[in-house]
Amino acid sequence: MSTYQTERNGDALFKPESECPDEGMSFFTHIQTHTWWSRSLLALFASALSMGSGIVTAAEYRCELTVLFDQRAGSSTPVRTVVDFAGLVGKEAGLIDPYTLVVTRQTGAAWRSYSVRFSEDLLYGNRGWVAWRVDDPHQASRWFLEFKMRAADGRLSQPRFRPPVGVGDQLAYNGPKWRPIAAPGYHTHPIPADWNNDGLVDIISRSHGANRFGMPMAGIFFWRNIGTNERPRFAPPLRLSAEGVGEQQYLGRLRKFKPRQDFISEDYIDCDLFDWFGTGRLDLITISRTGGIKVYRNTGAVDAVGLPVLKLAQRPEYPSCLAPGRYPRIRVVDWDGSGRPSLVLGTLWKGELDGRRQLLRQIVLMRGIGGKKGKWEFESAPLGRADGEQTFPLDWQKYSNFEGERPWYFDVHDIDQDGIPELLCSRRTDAVPAIEVWRNTGTLNAPVMKFDGVLPWFTHDSGVFFRMVDNQAYRGCLIGGMSIRYFEQVDSDYFQLGAFRERGKLLGLGNVLKLEGYVRPVPFDADGNGTMDLLCGDEPGKLTLVRNIGSNHRSEFAAPDAVQDHHGIPVILSDTNLFPRSRGKTYIGQVKPFLCDWDTDGEYDIIVSGGTFDDIYWLERYDPRTNRIAKRHLLRVKGGTQRPFVIRKGPAVVDWDEDGRPELLAVSRFDEDAVCVFRQSGGDDRTLLEPGEPLRYVDGEAITIHDFLPYGNITLWPCDWTESGSVDLIVASNHFIWLVENAGTNRHPVFKKPVKFKAPDGTPIETSHHENHAAAYDWDSDGRLDLMIGGESATIYLFHRDWVSGITHTVLFK
């Protein structure tokens, strides 16, 4: 019996998600009681439950609340309140288990339980916000908050149903508890290791764009193995923190402060593990452009969360032969079998070489040559090439030694077990993605790398970060992306097609609904059953249908299903398969779909643009029942205009002049990047458009992308947000979401200046750095449009109409 889910046979230990029972979940369901005490907070009982080989004991608490609702609240409204649980249970009681939080409501003799969402802070401490969505808020009721304490070893209970609330919470899958795991943001780079010293192989990975409100943008995350090494299963990810942190990366800005105990977060941080101090414990080594190289010592102590206590111990000098690039890569290995750490470092950075401005692409060996017990001495030099220069200058401004993106996508591993490490590079800028093997034909002291071949079993899945591994749980390769895939090595001849067998994706608990980066969500009812389904575009260039197989009151989403053409082949619009109309070949599409009836035949059509190509396509006759399209057409502008649209701009469709022929809203290359209306030309040719007419403000100025800085990568969504009877515009830019209100009519639209959507405290809503994609949809069925935003993290954030209208409620603890 094997360990991992596989698409090729039915003997997998990783069962298909639909077959994974929610065993143990019933133990955590709310315990209904009708006996209440007059004291505000009482410890009710202690309960024991089996978790693997140990016993977790947790006390349950209940406290009564008073909720004072704002009279402006609609029939559905979110309640969010900050709770200091230490003040409720006492500082010595330990940490609460936020996955046990539940709110109950007594209205007369009736009782109701509300599942909650909570801030990430409550995974690490006892202070944070708790939120739930209430129907019929103005009906007099008694309110209670219940929770348990977490286990002594930091283990958390299994996440319950995670409802859509609308305070910036991320839409959750719900349903089957085991889902593919991935970094909360993007650039998953899995490192399998027994991080918490319990004998089970966990996962450590950096994450960029882990955009959660109030938390740093980047981070290093830990997935605890709550299964076995033969059948690994993972708890939800936790951020790593350390003593001595002096900077953190937030959306669009770096914050520096006096060193303290805090989360590790630096701009495009990378990391690795190595027993740096010879203690038998794995230490954490990081690299970033802003922070340089840092070594965090594993002290051997364990905190209340169950994680090793880390302390910044060393800052090795950054090699002068390596550019200070924003996208660094680090691999720490025992290069020569001496037990000393050596660092293989890579980066991409803009510089001038051979008289022209270009990207410098470098891989450097920072070789351990002496020292002991952590006081190591290093000597650094670029890796030589057998097919070129065997030695390169020690000045980073004077060379490049590896082409493409190899300096970011590599691993170091003795794949042939001859005692000499090989360099393995992931190549994606080619018609055939591959992992290359480079053999050292020089010496350990002066390595010279020679291309030896490619691993033919590799298949592309958006991510190109990988880790070769041989430990108690895995033997082969883990590939990161918007999931983590395992390829098991089953033959020592790694160049043979069958040498590695794909075993499926690593699975874990409590995952939010996650696509494959840069998600553009289009909410609609795909099957007419009244529930919200999603048509989504993603970074690799795929379109997917995410069906809601639950209900409006209890949403549950199926795994994304790729939209196909009429032959049953998945539709992919990426720079590779659209070349030469695209910029190059990197397997990126960043597609931005909009659902409409373009040809007014009563059937769905999809209008779609991309982030690596500037064309806009009409995908004719999309049928959600079969999840297929009939044809693909390129939209053209009359007059033979070449490339009339602007790259990385999401289009929309609206019938503003109410003539029954929808118009395209897009950014024009020939009107100073203005947002324009492109009307369909007369006749049967629906692919031919009239030249664009800029939309204008009340003062006559054209609406351009420069009104939505920084960068001006925008996506459009027309809707009557202000309920005036005229169609407004919601514009999503790199950082913010804007309302552009129609002060005119549909036939004669003129617009007020853009206004940012804000949280009730006045803070602009900011969920992404590279791209945001907003949509308006009544996802709680209260008759009002709400806001949802997709972005670089590949998740979807929800904002209730009351929340973005500044309507909040007061919660008091009796």
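How do the residues of the lining of the largest cavity divide into nonpolar, polar and charged? In this predicted model, that lining comprises 10 nonpolar, three polar and two charged residues, where Ala, Val, Leu, Ile, Met, Phe, Trp, Tyr, Cys and Pro count as nonpolar, Asp, Glu, Lys and Arg as charged, and the others, Gly among them, as polar. Because the model is predicted, local features need pLDDT of at least 70 and side-chain atom pairs count only at pLDDT 80 or more, while totals for chains, interfaces and linings use all residues. Residues are numbered from 1 along each chain as its sequence is written, and side-chain values use heavy atoms, with hydrogens and water left out.

The protein chain contains three helices and 56 strands, these being DSSP runs numbered from the N terminus (helices H or I, at least four residues; strands E, at least two). A compact globule of 814 residues would have a radius of gyration near 28 Å, and the 27 Å of the protein chain agrees with this; the radius is taken over C-alpha atoms, and the globule rule is 2.2 Å times the number of residues to the power 0.38. Along the principal axes, the C-alpha atoms fill a box of roughly 80 × 75 × 55 Å. Of the 814 residues, 60% count as buried (buried means under 20% relative accessible area, exposed over 50%, and partly exposed in between, with a 1.4 Å probe and protein chains only). Among contacts with a separation of 6 or more, 56% are accounted for by residues 24 or more positions apart, a contact being heavy atoms within 4.5 Å.

Rolling a probe the size of a water molecule over the atoms shows where empty space is left. On a 1 Å grid over the protein atoms alone, a cavity is a set of points where a 1.4 Å probe fits but cannot get out, whereas a pocket is an open set with protein on both sides within 12 Å along at least five of seven lines, and lining residues have an atom within 4 Å of a point. Grid points are joined across faces, edges and corners, and a volume is the space filled by probe spheres set on the points. The structure holds eight cavities of 30 Å³ or more. The largest cavity has a volume of about 140 Å³, and of the 15 residues that line this cavity, Arg155, Leu156, Arg224, Ala235 and Pro236 are the closest to its centre.

Two or more lining residues come from each of β22 (342-353) and β23 (356-372), and β22 gives the most, with three residues. The lining of this pocket divides into 15 nonpolar, 15 polar and 10 charged residues.

Val333, in strand β21 (residues 329-333), is buried, with a relative accessible area of 10%. Beyond its neighbours within four places in sequence, Val333 is in contact with Phe274, Arg340, Pro341, Ser342, Val344 and Val412.

Most residues other than glycine have a negative phi, and most peptide bonds are trans. The peptide bond from Phe579 to Pro580 is cis, with omega near 15°, and Pro580 lies in the loop between α2 (575-578) and β39 (592-596). Thr600, in the loop between β39 and β40 (604-609), has a positive phi of about 50° and counts as partly exposed at 38% relative accessibility.
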